[in-house]
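Here is a short note to read beside the model. The points begin with the pocket and then work through the fold.

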Amino acid sequence: GVETTWVIKGGGMHEGVFDEQMSAYFEKVYEKHGVKLRKHATATEFTATLSSESRNVSGVRLSGGEFVPCDFVVVGVGAEANVDLFRDSGLEMGVCNTTGA
């Protein structure tokens, strides 16, 4: 188990991909597994410990001023689906039909 803090720029997990209900579901799943969520926050500063032998990240300062100590950082900058090919196809956008209808 790795102690994990997930910094989320918006108000919900995977905004733009999931609706609020799905976002809330995944937040509960991650929190159940011990992940700490920090919503409406961004990383404003990374701190490091420097020595002649190594340079290691030691923490992240968040936009609200909170400092989160850490041993490593994973940065995800996001993605947006390119749906231009389907825009004029007549397909219903934003809906996943799992009923086969």
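1. Start with the pocket lining. Strand β1 contributes the most to the lining of the largest pocket, at four residues. Strands here are DSSP runs of E, at least two residues long, and helices are runs of H or I, at least four; both are numbered from the N terminus. This is a predicted model: local features need pLDDT of at least 70, side-chain atom pairs count only at pLDDT 80 or more, and totals for chains, interfaces and linings use all residues. Residues are numbered from 1 along each chain as its sequence is written, and side-chain values use heavy atoms, with hydrogens and water left out.

2. The largest pocket holds about 1300 Å³ of space. Its lining counts 36 residues, with W6, V7, I8, V74 and G76 nearest the centre. The elements giving two or more residues to that lining are β1 (5–8), β2 (36–39), β3, β4 and β5 (67–69). A pocket is an open set of points on a 1 Å grid over the protein atoms alone, where a 1.4 Å probe fits and protein lies on both sides within 12 Å along at least five of seven lines; lining residues have an atom within 4 Å of a point. Points are joined across faces, edges and corners, and the volume is the space filled by probe spheres set on them.

3. Overall layout. The chain has one helix and five strands, in the order β-α-β-β-β-β. Of its 101 residues, 14% count as buried (under 20% relative accessible area; exposed is over 50%, partly exposed in between; 1.4 Å probe, protein chains only). Among contacts with a separation of 6 or more, 36% join residues 24 or more positions apart (contact: heavy atoms within 4.5 Å).

4. The hairpin. Strands β3 (residues 43–50) and β4 (residues 55–62) run antiparallel and are joined by seven bridges; pairing takes at least two bridges found by DSSP. Four residues separate the two strands in this hairpin. F46 sits opposite V60 in β4.

5. The helix. D19 caps the N-terminal end, with a side-chain oxygen 3.2 Å from the backbone nitrogen of Q21. After α1 comes G34, whose phi is positive, near 90°.

6. Leaving out residues up to four places away in sequence, E27 touches G11, G12, M13, L37 and K39.

7. K9 lies in the loop between β1 and α1. K9 is exposed, at 68% relative accessibility. Its C-alpha is 6.1 Å from that of K39, 30 residues apart along the chain.

8. Check two backbone angles. Most residues other than glycine have a negative phi. H14, in the loop between β1 and α1, has a positive phi of about 60°. H40, in the loop between β2 and β3, has a positive phi of about 55°. H14 is partly exposed at 34%, and H40 is exposed at 61%.

Terms used
Polar contact = N/O pair within 3.5 Å; in protein donor to acceptor, adjacent residues only side chain to side chain.
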